[in-house]
Amino acid sequence: MKRRTAIKQIGFGLSAGLTLPWLSSCKEDGPGPEIQYDGVVGIIGAGAAGLLAADILISKGVKVKIFEASSRLGGRVCSLRRSDVSTESLIVFPAALPYSDFPLELGADRVIGSDSRWAEIIQLMKVPLVDFRAASADAFFIDNAVLSETEALLDNDFLNAKNFRENFASFSGGANTTVLQAAQGSGIAVRMNGIINSWLGNTYGSSANRIGANALAEALAQVAHDGKEFTSSTNPLQDVLLSRYVRAVSSVQYNTKVQSVNYGGEKVEITHSGGTDTVDKVIVTVPVSILKAGDISFSPALPASKVTAMSRIGMDASLRVILEFKRNFYGEATAAIFGGAQGPDYLNNAIGRSELNRTLSITINGEKAEQLSGLTGDQVVLQLLSEMDAVFDGKATENIRRDTADNSLVYTIKDWTKDPLIKGGVSYPLPGGVNSDRTELGAPVGDKLFFAGEATDDTGEFGTVSGALKSGERAAMEVVEAILAS
């Protein structure tokens with residue numbers, strides 16, 4: 001492979017400073033394929049799981065075809081650069097593009113675990129990370145005020161809530177208990193409900209009154225990484241993902257929405273918006289919301305055990321709202337503000353990345369996201385500004401960025417709920433669910449049908465890029481084993 005060809009295959013502008021060590025290994029005289037296989041493996045979805053699975057199979061000499069329903073790669077890893085011009089109606093750009101001097105993440109925005117799979121890849125790519133919590137601390141909405149963690153720890157109710165969160169992996173209760181019910185049953189004060197929702201509801205994809213406590217605790221007990229949080233210093237996470245798995249890009253068929261998979265014969269027939277393809281095996285990596293909606297039909301029908309497992313995994317509404325201000329009024333050393341009723345997670349994602357440090361990235365999942373999803377962009381922003389105004393003496397509205405021509409609000413919103421190819425944020429366990437539901441969802445059906453994606457990760461990293469990557473690796477190796485066994 002020639003260097004120029006390899007770069008062109010990425011199809012996206014790579015940020016300055018992103019090293020590409022894979023280029024040194026693109027040699028025409030490399031070793032032959034590890035596996036002698038004349039068949040083709042179809043991969044549905046070109047997100048993190050699909051790209052990694054394709055990369056592994058290609059590296060072993062297996063031919064792949066990737067069917068991507070959208071016009072871009074990365075799935076829920078979606079970056080916005082200052083120079084981007086949006087053509088996607090689901091991203092709102094009133095009047096002007098962002099002025100933040102760093103890339104904005106509309107999907108996955110944090111690297112969780114310095115020793116996680118995602119972090120390992122980023123370190124391999126020599127992409128600098130920011131330990132934004134090293135010189136900062138969280139703040140909390142408590143009783144109509146914003147308190148620093150030092151101040152909050154003087155409150156016994158907060159201290160009890162913090163201990164509940166830190167020990168949640170050992171929780172065990174009734175099968176249908178929600179996280180909120182678990183907190184109430186443990187004596188956590190009602191005034192801490194917003195903080196519990198931020199920590200153990202919104203963080204894991206929904207609301208504390210919807211997530212199954214037992215399954216979440218069981219999953220968290222499986223987590224092996226150190227839990228540290230990082231942001232990318234200068235490189236868009238989407239570019240990092242694509243540059244790492246660039247050799248899979250040439251196998252992608254864009255704007256190809258799969259409608260049905262018939263795996264009952266000797267070959268697998270994949271019917272999509274562009275026609276029909278025949279492959280030998282297929283890995284399905286689409287979000288669980290797409291599977292539950294029946295957007296892809298399977299013949300034969302999926303096993304009842306898989307359908308039951310799927311029914312106990314939810315995927316709710318999700319919004320990412322990015323607000324820019326004329327000055328920082330919430331504290332330059334504030335990492336995030338938790339506990340809000342309108343915005344459960346206000347991330348100061350400019351720490352260590354920007355000299356301006358006036359940008360908040362707000363993640364809203366679950367019940368509140370459903371409510372806000374029905375509003376206009378201005379209405380969503382006004383509700384968030386009102387919540388901040390109440391505790392910051394009106395400084396949010398005073399300092400929000402506005403268009404100089406007509407004084408209109410300027411903001412960025414990605415409503416994942418309205419994206420017909422995603423239909424929500426990330427998977428989460430419903431009451432009555434168990435962690436093994438994810439094992440069953442990811443289990444192969446025979447030797448032709450395989451599953452990956454963050455919802456199939458049973459190591460406690462569902463809802464994360466690491467979980468998606470690990471699932472893609474698992475599915476790829478299951479395909480390899482099936483090939484070698486045939």
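## Terms and confidence

A residue is called buried when its relative accessible area is under 20%. The structure described here is a predicted model.

The mean pLDDT of the protein chain is 91, and 90% of its residues reach 70 or more. Residues 1-29 have a pLDDT below 50, and beyond near neighbours in sequence this stretch has 48 contacts in the model. Where pLDDT is low, the predicted coordinates should not be read in detail.

## Helix H5

Helix H5 spans residues 156-166, and its buried residues are Phe 158, Ala 161, Lys 162 and Phe 164. These residues lie on the same side of H5, because the arc they cover around the axis is only 160°. An α-helix has 3.6 residues a turn, so residues three or four places apart point the same way.

The elements against which the buried residues of H5 pack are strand S8 (137-142), helix H4 (149-152), helix H6 (179-185) and helix H7 (193-200). At the N-terminal end, H5 is capped by Asp 155, with a side-chain oxygen 2.8 Å from the backbone nitrogen of Asp 157.

## The five-stranded sheet

Five strands form an open sheet in the order S11-S2-S1-S15-S24, and their pairing is parallel. Strand S11 (252-253) and strand S24 (449-451) are the edge strands, each pairing on one side only.

Strand S15 (residues 281-284) runs parallel to S1 and is joined to S1 by four bridges. Across this pair, Ile 43 stands opposite Ile 283, and Val 284 is the bridge partner of Ile 44. With S24, S15 pairs in the parallel sense over three bridges; here Phe 450 is the bridge partner of Ile 283.

In a regular strand the side chains alternate between the two faces of the sheet. In S15, Lys 281 and Ile 283 point one way, Val 282 and Val 284 point the other way, and all are buried.

## The largest nonpolar core

The largest nonpolar core holds 46 residues, of which Ile 43, Leu 57, Trp 118, Ile 283 and Leu 469 touch the most other members. Elements that each supply at least two residues of this core include strand S1 (40-44), helix H2 (48-59), strand S2 (63-67) and helix H16 (465-485). The largest share, nine residues, comes from H16.

Which residues does Ile 283 touch, not counting residues up to four places away in sequence? Among them are Val 41, Gly 42, Ile 43 and Ile 44, together with Ala 53 and Leu 57. Ile 283 also touches Phe 450, Ala 452, Ala 475, Ala 476 and Val 479.

Terms used:
Residues are numbered from 1 along each chain as its sequence is written. This is a predicted model: local features need pLDDT of at least 70, side-chain atom pairs count only at pLDDT 80 or more; totals for chains, interfaces and linings use all residues. Side-chain values use heavy atoms; hydrogens and water are left out. A nonpolar core is a set of buried Ala, Val, Leu, Ile, Met, Phe, Trp, Tyr and Cys residues joined through side-chain atoms within 4.5 Å. Buried means under 20% relative accessible area, exposed over 50%, partly exposed in between (1.4 Å probe, protein chains only). Contact means heavy atoms within 4.5 Å. The arc is that of the directions from the helix axis to the C-beta atoms. A polar contact is a pair of N or O atoms within 3.5 Å; within protein, one must be able to donate a hydrogen and the other to accept it, and residues adjacent in sequence count only if both atoms are side-chain atoms. pLDDT is the predictor's confidence in each residue, from 0 to 100. Two strands pair if DSSP finds at least two bridges between them.
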